[in-house]
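Dear colleague,

I am handing over the structure below, and after it you will find an account of what was found in it. Please read the two together.

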Amino acid sequence: MIEHAGAAALWAEYLATLPEAEREKLIEPEVWAFGDSPELADELSTLVVQGVKTATADLVWTVEFEGRFVPQAGEYNVILDGHDAAVCIMQTTHVSIRPYDEVPPEFAYDEG
């Protein structure tokens, strides 16, 4: 069960738009904010909502150190802004793990 009230409400609203058979297949989303400050969370969540930021990245060693799982295509996330408000639902469509020096410039552009 999603503990963040705003995220739970946004997720419920999204689920209501789907056929019941589709709803039953979905796993609850992770709830999180971009960045390390409220200002950065506001900036990046706004870019996501505007459709400017369509990609994101993380370091594998950070994910492992923090005990998180590497994202999988098809997963959903509820994104929070810098004021802890749920602003959008984001779906992971593709995951690629590669060395930093092999990240294409197009990906940097998509990151916003």
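Of the contacts in the chain (heavy atoms within 4.5 Å) with a separation of 6 or more, 56% are between residues 24 or more positions apart. This is a predicted model, in which local features need pLDDT of at least 70 and side-chain atom pairs count only at pLDDT 80 or more, while totals for chains, interfaces and linings use all residues. Residues are numbered from 1 along each chain as its sequence is written, and side-chain values use heavy atoms, with hydrogens and water left out.

The chain has five helices and three strands, which are DSSP runs numbered from the N terminus (helices H or I, at least four residues; strands E, at least two). From the N terminus on, these elements follow the order α-α-β-α-α-β-β-α. The C-alpha trace spans about 45 × 30 × 30 Å along its principal axes.

Trp11, which sits in helix 1 (residues 5-15), is buried, with a relative accessible area of 5%. Leaving aside neighbours within four places in sequence, Trp11 is in contact with Ile2, Leu26, Ile27, Glu28, Pro29, Tyr76 and Ile89; Tyr76 is 65 residues away from Trp11 in sequence, yet the two are 9.6 Å apart in space, C-alpha to C-alpha. Val60, by contrast, belongs to helix 4 and is partly exposed, with a relative accessible area of 34%. Between Val60 and Ile97 there are 8.1 Å in space, C-alpha to C-alpha, although they are 37 residues apart in sequence.

There is also a pocket to look at. A pocket here is an open set of points on a 1 Å grid over the protein atoms alone, where a 1.4 Å probe fits, with protein on both sides within 12 Å along at least five of seven lines, and lining residues have an atom within 4 Å of a point. The largest pocket holds about 1,700 Å³ of space, and of the 48 residues that line it, the closest to its centre are Thr56, Ala57, Asp58, Pro71 and Val95. Among the elements that each supply at least two residues of this lining are strand 1 (30-33), helix 3 (38-49) and helix 4 (60-65).

With kind regards

Terms used
Grid points are joined across faces, edges and corners, and a volume is the space filled by probe spheres set on the points. Buried means under 20% relative accessible area, exposed over 50%, partly exposed in between (1.4 Å probe, protein chains only).
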